[in-house]
Amino acid sequence: MNTPSLYHNVPEAEYRAVDRLSYSGAKHLLKSGAHFRQAIDYPPPATAATELGTDLHARVLMGKEQFDAQYLSLPEGLDCRRTADKKIRDELRERAESEGRLIRPAGTLATIEAMAASVEGNPLAVALLAGAEIETSMSFIDPTTGCPAKGRMDAFRRDAGAVIDLKTCLDASPAGFARQCLNFGYGIQAHAYLAGLQSLGIEADSFIFIALEKSPPYCCAIYSAPAALVELGKRKWEEACRRYIEYTAAGVWPGYSPDIQELQLPNWALSEFYTDTETEN
């Protein structure tokens, strides 16, 4: 993946090993170079939450038939304190390993099915994903900074010039998901992917979220990334690109400034302070 292009069927581990700046790497780098290197050199182990997200993406993007061929379910109510149940679990683990499949508790797979059903019950979500290029990786040179970069799209509709991204969330309402977009820097991802495609000569001008709640009734909603979010992401992405180029050239990945700095309060706090002051007067 060192040549700028689109790449299909690239395993996740192979994609992660490519030494280029990604959206997730940019978020670490905007905190500090040290945080970026920590995340790259010592990636955190998978948690139940991240595992669920990965499995859900696989189920929604590859479809039930292909998903079922890659996963095995532990029986409901299995109690491994009992010798017989422990034997069943161990046999299933051996089978999964020999067949190259993943094994999950029955309850986890039931949750994934319920969440997937919400997406598949939305006609627009089904139409967006139908015929899309799934889990396509790309390698590109950022057109503004010259930074070597990469991205991995959940889905891409070449005919519509639209990148489609599945996001799990606590709140898929317009206000709730807007907060999540800002808190998790989704604008960075939207700009980077669109800029990357455009740099490869591929028309792309739309970034669409399928927002799916992680708790019952697993409601989903579909949103297009507004221009303001993408523009905010552009500024942050390009700052991360500049740091990546600078730190890579120097071979030094600094943490925070060693100097005394004046603490900058957020705008909402300043607004609240001045409002309170005016009320007292």
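Reader: Is F209 buried or exposed?
Author: This is a predicted model, and the value here comes from its coordinates. F209 has a relative accessible area of 1%. The cut-off for buried is under 20%, so F209 counts as buried.

Reader: F177 next: what does its accessibility make it, buried or exposed?
Author: The relative accessibility of F177 comes out at 2%. Under 20% is the range for buried, so F177 is buried.

Reader: What kind of aromatic pair do F177 and Y223 form?
Author: The whole structure has 12 aromatic pairs, and F177 with Y223 is one of them. Their centres are 5.6 Å apart, with 15 degrees between the planes. F177 lies in helix α9 and Y223 in strand β8 (residues 220–224), so the pair ties together parts 46 residues apart in sequence. Planes under 30 degrees apart count as stacked, so this pair is stacked.

Reader: And what about Y186 and F209, how are their rings arranged?
Author: Centre to centre, Y186 and F209 are 5.7 Å apart, and their planes make an angle of 35 degrees. Y186 sits in helix α10 and F209 in strand β7, so this pair links parts that are 23 residues apart in sequence. Y186 is buried too, at 7% relative accessible area. As for the ring arrangement, the pair is tilted.

Reader: Which element gives the most to the lining of the largest cavity?
Author: The structure holds 1 cavity of 30 Å³ or more, and the largest cavity has a volume of about 50 Å³. The lining includes Y186, along with C181, L229 and K236 among others. Elements giving two or more residues to this lining are α9 (174–183), α10 (186–199) and α11 (227–250). With 4 residues, the top contributor is α11.

Reader: By class, how many residues of that lining are nonpolar, polar and charged?
Author: Take the glycines G185, G187 and G233 in the lining: Gly counts as polar here. K236 also lines the cavity, and Lys counts as charged. By class, the lining has 6 nonpolar, 3 polar and 1 charged residues.

Reader: Over to the strands: how many bridges pair β6 with β7?
Author: Strand β6 (residues 162–169) is mostly covered, with 7 of its 8 residues buried. On one side of the story, β5 (residues 148–157) runs antiparallel to β6 and is joined to it by 3 bridges, with V163 as the partner of F156. With β7 (residues 206–213), β6 pairs in the parallel sense, and K167 has A211 as its bridge partner. The number of bridges between β6 and β7 is 8.

Reader: Which residue takes a positive phi in the hairpin of β5 and β6?
Author: That hairpin has 4 residues between the strands. The phi in question is near 60 degrees, and the residue is G161.

Note on methods. Residues numbered from 1 in each chain as written. Predicted model: local features only at pLDDT ≥ 70, side-chain atom pairs only at ≥ 80, totals over all residues. Heavy atoms only, no water. Buried < 20%, exposed > 50% of the residue type's maximum accessible area, 1.4 Å probe, protein only. Pairing = 2+ DSSP bridges. 1 Å grid on protein atoms, 1.4 Å probe; cavity = no way out; pocket = protein on both sides within 12 Å on 5 of 7 lines; lining within 4 Å. Points joined across faces, edges and corners; volume = space filled by probe spheres on them. Phe/Tyr/Trp six-rings, centres within 6.5 Å; stacked < 30°, edge-to-face > 60°.
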